[in-house]
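Welcome! Please take a moment to look over the sequence and the model before reading on.

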Amino acid sequence: MAVNEEFDTDKDGIIEKEDIDIMKEVKQEQRTDRKMRNQRRMAWAAMATMIIFTAIILSPLVTDTRVEVLSALLSTFYVAQAGVVGAYMGFSVMQDRNRNEDKEDNY
Ligand SMILES: [Ca+2]
């Protein structure tokens, strides 16, 4: 579909201001959805790596001396990953609030 056809939302062959406004809103919504999906995936990945790392460290594959050597690195790793998860939760609450406020403004 050509860009012009895509923007003509009511399919009358003319691109009016309303068409552009609707398209802008649609694009904005799509962008926000993509962003939220990526953030959610990042939070899940952070949580998964924490669980997987913990399982690997506790398994017999890793010797005690290695765990001791890695302890400083590991604590930083856990704080950073937990930070990603926590930030995701905080920002998603903020986004929900902003969205609800936007909806209230429209009605
Ligand atoms: Ca039109």
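Here is a short tour, from the overall fold down to a few single residues.

The model is predicted, and the protein chain holds three helices and zero strands. In sequence order the pattern is α-α-α. With a radius of gyration of 23 Å, well over the 13 Å that the globule rule gives for 107 residues, the protein chain is more spread out than a compact globule.

**Overall shape and confidence**

- Along the principal axes, the C-alpha atoms of the protein chain fill a box of roughly 75 × 35 × 15 Å.
- Among the 107 residues of the protein chain, 0% count as buried.
- The protein chain has a mean pLDDT of 89, and 95% of its residues reach 70 or more.
- Confidence in the protein chain is highest in α2, at a mean of 93, and lowest in α1, at 77.

**Helix α2**

- How far apart are the end C-alpha atoms of helix α2? They are 62 Å apart, which agrees with the 62 Å that its 42 residues (17-58) should span at 1.5 Å a residue.
- The number of buried residues in α2 is zero, so this helix lies largely in the open.

**The loop between α1 and α2**

- Lys11 sits in the loop between α1 (3-7) and α2, and Thr9 lies in the loop between these two helices as well.
- Lys11 has a positive phi of about 55°, although it is not a glycine. As background, most residues other than glycine have a negative phi.
- Is Lys11 buried or exposed? Lys11 counts as exposed because it has 8 C-beta neighbours inside 10 Å, and the cut-off for exposed is 12 or fewer.
- Thr9 is partly exposed, since 16 other C-beta atoms lie within 10 Å; that count falls between the exposed limit of 12 and the buried limit of 20.
- Leaving aside residues up to four places away in sequence, Thr9 touches Asp19, Ile22 and Met23.
- Thr9 and Val67 are 58 residues apart in sequence, and their C-alpha atoms are 60 Å apart in space.

**Helix α3**

- Ala72 belongs to helix α3, which covers residues 64-106.
- Ala72 counts as exposed, because it has 9 C-beta neighbours inside 10 Å.
- Where Ala72 and Ala48 are 24 residues apart along the chain, their C-alpha atoms are separated by 20 Å.

Definitions and conventions:
Residues numbered from 1 in each chain as written. Predicted model: local features only at pLDDT ≥ 70, side-chain atom pairs only at ≥ 80, totals over all residues. Helix = DSSP H or I, 4+ residues; strand = E, 2+ residues; numbered from the N terminus. Rg over C-alpha atoms; globule rule 2.2 N^0.38 Å. Expected span 1.5 Å × (residues − 1). pLDDT = per-residue confidence, 0-100. Contact = placed C-beta atoms within 7 Å.
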